Amino acid sequence: MKQHPLCSDCERDNSIADLPIPAGIKNEWAALETRRRFLGRSGKVLGWAALASLFGEAAPRGDASGGDAKVPNRPTAREDLKLPHFAPKAKRAIYLFMSGGPPQIDLLDYKPNLAALYNKDIPDSVRGSQQLTGMTAGQAHFPVAPSHWAFKRYGQSGTYVSDLLPYTARMVDDLTIIKSTNTDAINHEPAIMLMNTGNMNAGKPCLGSWLSYGLGSMNDNLPTFIVLQTKVNSKENNQPVSSRLWGSGFLSSEYAGVGLRSGGDPVLYLADPAGVDREVRRRMLDAVEQINRQTLQDIGDPETNARIAQYEMAYRMQASVPELADLSKEPQSTWDLYGPESKEPGTFAYNCLLARRMAERGVRFTQIYKRGWDVHDNVTGVLPIICGETDRGCYALVTDLKRRGLLDDTLVIWAGEFGRTVYSQGGLTPENYGRDHHPRCFTTWMTGGGVRPGITYGETDDYSYNVVQDPVHVRDFNATILHCLGIDHNKFTYKFQGLDQKLTGPTPASIVPGLLA
Amino acid sequence: MRDARGAWIAALLIIASLLLLPAIARLDGRPHADWQQFLGRFHPLAVHIPIGLIVLVPLLEIMGAWRPALREAAGFVLVLACAACLGTLALGYLLAYGSGDTGVTVSRHTWGGIALAITLLLCLLTRRLWSRGTELRLYPAFLVCAMLILLWTAHQGGSLTHGSNYLTEFMPAPVKRIAAFNSVSAAGPNPDSFYAKRVRPLLDTHCITCHGASKTQGGLRLDSYDGLLRGGKSGPAIVPGDPEKSLLLTRVTLPATDRHYMPAEGRPPLKPEETGWLRAWIKQSASSTATSVAGVSISDIPAEPPPQPVGDYSALMGDIRQMQQGQGAKLVAVSSKPSDGLILNTFDVAANFNDAQLAQMQRFAPYIVEADLARTDITDASLDTLSKFTHLRALHLEGTAITGNALAKLAPLSQLTYLNLSETKVTTAALVPLKAMSNLRHVYLFGTPAQPVSTADAAQTTSAGAQ
């Protein structure tokens, strides 16, 4: 066993055999130990091979002198992966994730015929064999609940938009609205995992991690993939959002999304404590890195590599994040556009503004989570609140990117994990209703680099229950996103557990040409 | 002289029946027996035989002045030409009658063919007199007539198969102006309408060769809005508001193997987006004046010029890495294809990147297609350097100290389609030289004196500026 440079005592390794523990555990350990040793040794070779491929021709940073914010020697393009496969239309993406399942019928999927069907049961022929959630499966009736809100036509494209979204209505000519998005899962966790990682089970990398891994960073001072959470509003039904949604799965943790906090300091403990100056911090990190490299050499765990990269990233973020979050130089036109809420950290509008600033600074993938769309009851009470929180931010972000010339190569995506039912969950009154989860169709939109503006794609039946034209499955949705970023979803794979893993999974997926510019 | 009189009578009978043919078998625009069409479709093939023979006759007659044997042959060739012409005329008539073709060009072509056959018969009759020396003027006159009629009829036939603008399509513009050809059909009452911008061009491209003024198959004319509503033998082409009942849409969305599928005969099918436009337009009452149709954008996004491939930079990869380690700016491959070029990224070194550092990039300039210099320290001096980046398609200069006084220096960047000058001190006057850059489509001037932000309603600010 080699000795760490900072380690002063050099006792021999403790032997497990000497410890007062049951013999069974000792035997198990001994078996594991052999295997671990073996893997450790081969790992040394594999680890360095992996490192060498990561670092390209350049040798790993040997000197510990540590110039301030020194750029590491990593090649910025994924030369080894041969990515992007073709010249992309979009260099970066911003994903506005509407967690909980926005009700398409109340927002963008206009169904004028429903008014006449108020409180009538949805026909069995429409419902078909669709499994329902435990929340409504026991209902004796499935009464049609028409949208409480009126729809009007907007823009040159004449797209119908609900009165709930006055700001979205202003930009319909820029949007690619997909009415026919559909998913396999009917509950939040599997559906949100499927949407983000292409698989209902945890453990697969999410879209952002794939992009981070495949396309690499454009700005070494900021994470390649940043996640922004919106402050929770207690009036809404907030489904939990966990970090595995932006996890890197079997890819190195380096590619996981970095979450910025919604209140207070965006990153905790980022500022150096009093008395620790930048030089001291640098020296400390260099020493830690040396130890980590030693560990990497001994054990060969690629996760050590991730740790090295993350320490380095954290150091650089000490300078870059305060600059990113400093909105004092934003002109008045920004506040006019994003509205007063955007001055308050953690609001959706604030996050949208940050997302624009990240786009300017070369962050590859930004994902904003907004919870609260899970409107099982009191739709008329809650929906105006959520729409009020998000509508202007979405519009401001798209408009801001557009006027600054950034929308040409930025893809903006607005989506939840599924839609909501046309029938009311619980009691239906003229004033109020609830909507349950609905996987068969939901409305999403994209805009920006690579997609065709001003169109509505796909069509649902009169009940917004089934897709009747041009279905877009989550897999196809994700394949199309990858395509906009120059990636062929079938070629972009990572070998794991004997399978060429990919974002769209083993089931065939296809890009949707009708969405592309 | 008896057989001469017999020949005259026979010829006159044939001429009379030819003249009566269109009256007997009227071209009524209705398709008839399939065997007629089957035989008729040999017309475009057979037609070349009489043409060759007819052209040969005057040649032989002229050459016969020196070699009498050729003049003898001319008589024989003329008989053959006459017979071939009558046969081809029959086939042609079968084609028109069988398939129900009507239209100006079809009837011109028919009458041309009839006139040609008659003229050739007259040639045959007058040639005897000419060779005997009794009447010397008639035969040459008829022969010249035959040649002119041949030329005109052949042109009408060509217009039918290849479309009336086949000859003029690639005519040089000055010639076209002199000839005053107008191949574009009338746009209708509102040139900005969805009909004029989307439906009209689509019909022009795919339909009017067979359903226009020159050829009107099935009695359907799609070269005017009225024609669409009037329809043809099978009924109106469109039923406003009802895409399902609109034959036009039905026919173009049938499976390609269907007998009624359009465009027929292996012509290029409509693109899905085009059928989509038709459906959306018909659904929304198929107005000839409405400018917007739900779900379809008619904003004209001009096509970008195709990217010019750059040379292979792989030999420079070592230098590129060295440069990246030295000054930190990144040269990133656009894609795995080296000919797509490199992007210059300065995101993480923006504050330290200045004119001197950009100058160091000059040796990579032929490979750089996009330069992101936003918020760097570069000044107007860098425009000299940038003028050598001749493959640049996109240039980000937002938030820099560029004043705009030297924007004319960007003129050599013929590939440039995107220029971002947001948040610089660029004024409207400084933008004038950019107008000469023909490929420049997207100029962003947000927050500049050229495009002051109105604080009253920032939302209304448009993004594209100079163009």
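In this predicted model, B:Leu121 is buried, as 21 other C-beta atoms lie within 10 Å, and the threshold for burial is 20 or more. The residue belongs to helix α6 of chain B, which covers residues 104–132. With neighbours up to four places away in sequence left aside, the contacts of B:Leu121 are B:Ala11, B:Ile14, B:Ile15 and B:Cys82. The C-alpha atoms of B:Leu121 and B:Phe142 are separated by 9.5 Å, and the two residues by 21 positions in sequence.

Helix α5 of chain B runs over residues 68–99 and contains 32 residues. From its first C-alpha to its last, α5 of chain B reaches 46 Å, close to the 46 Å expected at 1.5 Å a residue. Just after this helix, B:Gly100 adopts a positive phi of about 75°.

In soluble globular proteins, nonpolar side chains tend to be buried together. The largest nonpolar core in the model comprises 120 residues, and A:Cys352, A:Leu411, A:Ile413 and A:Leu485 have the most contacts inside it. The greatest contribution to this core comes from helix α11 of chain A (residues 379–403), which supplies 11 residues. A separate, second core has 48 residues, among them B:Val334, B:Tyr418, B:Ala430 and B:Leu431.

For A:Cys352, residues up to four places away in sequence were again excluded from the contact list. The remaining contacts of A:Cys352 are A:Tyr338, A:Ile368, A:Gly393, A:Cys394, A:Ala396 and A:Leu397.

Methods
Residues are numbered from 1 along each chain as its sequence is written. Chains are lettered from A and ligands numbered from 1 in the order in which they are written. This is a predicted model: local features need pLDDT of at least 70, side-chain atom pairs count only at pLDDT 80 or more; totals for chains, interfaces and linings use all residues. A nonpolar core is a set of buried Ala, Val, Leu, Ile, Met, Phe, Trp, Tyr and Cys residues joined through C-beta atoms within 7 Å. A residue is buried if 20 or more other C-beta atoms lie within 10 Å of its own, exposed if 12 or fewer, and partly exposed in between; C-beta atoms are placed from the backbone. Helices (H or I, at least four residues) and strands (E, at least two) are DSSP runs, numbered from the N terminus. Two residues are in contact if their C-beta atoms, placed from the backbone, lie within 7 Å. The expected span of a helix is 1.5 Å times one less than its number of residues.
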